[in-house]
Amino acid sequence: MTYGQIAKLAGSPRGARQVVRILHSMSQKHKLPWHRVINAKGEIAITDEELFSIQKMSLESEGIKFNTYQTLNLATYQYHPEETY
């Protein structure tokens with residue numbers, strides 16, 4: 001999913017940056033799958049080199065294939081929970 005999708009589902013369609021903050025501050029404590037969230041361009045948006053590598057390796061270990069070094073195909077991998085009823 002993208003940060004924007006999560007914000008929209010949480011009732012705050014313009015709150016993508018809040019999602020980033022929450023994932024950053026609460027993921028370890030609550031075991032949130034932060035590595036599965038990317039930006040709307042299909043890119044890993046983390047600038048910290050170590051966290052970037054962790055996210056990329058975590059996604060690749062789940063079978064995600066990247067088009068470029070940091071970009072994956074949203075049409076192939078994006079999850080749409082609102083369509084799974």
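Reader: What share of the 85 residues of the protein count as buried?
Author: Of the 85 residues, 28% count as buried, where buried means under 20% relative accessible area, exposed means over 50%, and partly exposed lies in between, with a 1.4 Å probe and protein chains only. Please keep in mind that this is a predicted model, in which local features need pLDDT of at least 70 and side-chain atom pairs count only at pLDDT 80 or more, while totals for chains, interfaces and linings use all residues. Residues are numbered from 1 along each chain as its sequence is written, and side-chain values use heavy atoms, with hydrogens and water left out.

Reader: And how many helices and strands are there?
Author: The secondary structure comes to four helices and zero strands, and the order from the N terminus on is α-α-α-α. Helices (H or I, at least four residues) and strands (E, at least two) are DSSP runs, numbered from the N terminus. The radius of gyration is 13 Å, close to the 12 Å of the globule rule for 85 residues, so the protein is as compact as a globular protein of that length. That radius is taken over C-alpha atoms, and the rule is 2.2 Å times the number of residues to the power 0.38. Along its principal axes, the C-alpha trace spans about 30 × 30 × 20 Å.

Reader: Switching to rings, which residues form an aromatic pair?
Author: The count comes to one aromatic pair, formed by F52 and Y69, which are stacked at 5.1 Å centre to centre with 25° between the planes. F52 belongs to helix α3 (residues 49-61) and Y69 to the loop between α3 and α4 (74-77), so that the pair, 17 residues apart, links distant parts of the chain. Rings of Phe, Tyr and Trp (its six-membered ring) pair if their centres lie within 6.5 Å, and planes under 30 degrees apart count as stacked, over 60 as edge-to-face and the rest as tilted.

Reader: Is F52 buried or exposed, and what about Y69?
Author: F52 is buried, with a relative accessible area of 6%, whereas Y69 counts as exposed at 56%.

Reader: Next, which residues meet in a salt bridge?
Author: The side chains of E62 and R36 do, at 3.0 Å from N to O, a salt bridge being a side-chain nitrogen of Lys or Arg within 4 Å of a carboxyl oxygen of Asp or Glu. E62 is in the loop between α3 and α4 and R36 in the loop between α2 and α3, 26 residues apart, and this pair too links distant parts of the chain. E62 counts as partly exposed at 41% relative accessibility, and R36 likewise at 44%.

Reader: How far apart are Y3 and K31?
Author: They are 28 residues apart in sequence and 17 Å apart in space, C-alpha to C-alpha. Y3 lies in helix α1 (residues 3-9) and counts as buried at 12% relative accessibility.
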